[in-house]
Amino acid sequence: MKPKYCNACSFCKIDMQVHPNGKNYIKTYVCSNVNCSDPVDASPIPCGLARREATLCGLQGKYYQEAKQPEATPEQGNVIQLAKE
């Protein structure tokens, strides 16, 4: 069975949240799935909490959905093409 990591899920988003000291921001991964939202105000919760609780996503990742990787095409590459004239 392939492991299910939150950062490879399509519902995982990066959010900047206030550090407890109130002066800095920290990068936090949050789950945007409606089934894993805060029951009080429906805001996204951290992925670690969603995977820890069996009533949410749980260790098995019941709401996990593989994120589709964009396919690189030659037109989108960052290589400079030189043409002879």
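Student: Leaving aside neighbours within four places in sequence, which residues is Asn33 in contact with?

Tutor: Phe11 and Tyr63, where contact means heavy atoms within 4.5 Å. Bear in mind that this is a predicted model: local features need pLDDT of at least 70, side-chain atom pairs count only at pLDDT 80 or more, and totals for chains, interfaces and linings use all residues. Residues are numbered from 1 along each chain as its sequence is written, and side-chain values use heavy atoms, with hydrogens and water left out.

Student: Where does Asn33 lie?

Tutor: In the loop between strand 2 and strand 3. Helices (H or I, at least four residues) and strands (E, at least two) are DSSP runs, numbered from the N terminus.

Student: Is Asn33 buried or exposed?

Tutor: Asn33 counts as buried because its relative accessibility is 6%. Buried means under 20% relative accessible area, exposed over 50%, and partly exposed in between (1.4 Å probe, protein chains only).

Student: What does the side chain of Asn33 reach?

Tutor: The backbone nitrogen of Asn35, at 3.0 Å. That is a polar contact, a pair of N or O atoms within 3.5 Å; within protein, one must be able to donate a hydrogen and the other to accept it, and residues adjacent in sequence count only if both atoms are side-chain atoms.

Student: Change of topic. How many helices and strands are in the protein?

Tutor: One helix and three strands, running β-β-β-α from the N terminus.

Student: In what order do the strands sit in the sheet?

Tutor: The order is 1-2-3, in an open sheet with antiparallel pairing. Strand 1 and strand 3 (45–46) are the edges, each pairing on one side only. Two strands pair if DSSP finds at least two bridges between them.

Student: And how many bridges for strand 1 and strand 2?

Tutor: Seven, in the antiparallel sense. Lys13 stands opposite Val30 in strand 2, and Gln17 stands opposite Ile26 in strand 2. In the hairpin of these strands there are six residues between them, and Gly22 takes a positive phi near 80°.

Student: What about Thr28, buried or exposed?

Tutor: Thr28 is buried, since its relative accessible area is 13%. Its place is in strand 2 (residues 25–31). Not counting residues up to four places away in sequence, Thr28 touches Lys13, Ile14, Asp15, Gln17 and Pro46.

Student: Which residues form a nonpolar patch on the surface?

Tutor: Met16, Val18 and Tyr25, with about 350 Å² of accessible area together. Areas come from the Shrake-Rupley method with a 1.4 Å probe; for residues, only the protein chains shown count as cover. Patch residues have over 30% relative accessible area and no salt bridge, and nonpolar side chains (Val, Leu, Ile, Met, Phe, Trp, Tyr) are joined within 5 Å, like charges within 9 Å. A salt bridge is a side-chain nitrogen of Lys or Arg within 4 Å of a carboxyl oxygen of Asp or Glu.

Student: Where is Val18?

Tutor: In strand 1 (residues 12–18). Val18 counts as exposed because its relative accessibility is 51%.

Student: Last one. Where is Tyr64 found?

Tutor: In the segment after helix 1 (47–52). Tyr64 counts as buried because its relative accessibility is 19%. Neighbours within four places aside, Tyr64 is in contact with Lys4, Tyr5, Ala8, Cys9 and Cys57. Tyr64 and Ala8 are 56 residues apart in sequence and 8.9 Å apart in space, C-alpha to C-alpha. A polar contact of 3.3 Å also joins the side chains of Tyr64 and Glu66.
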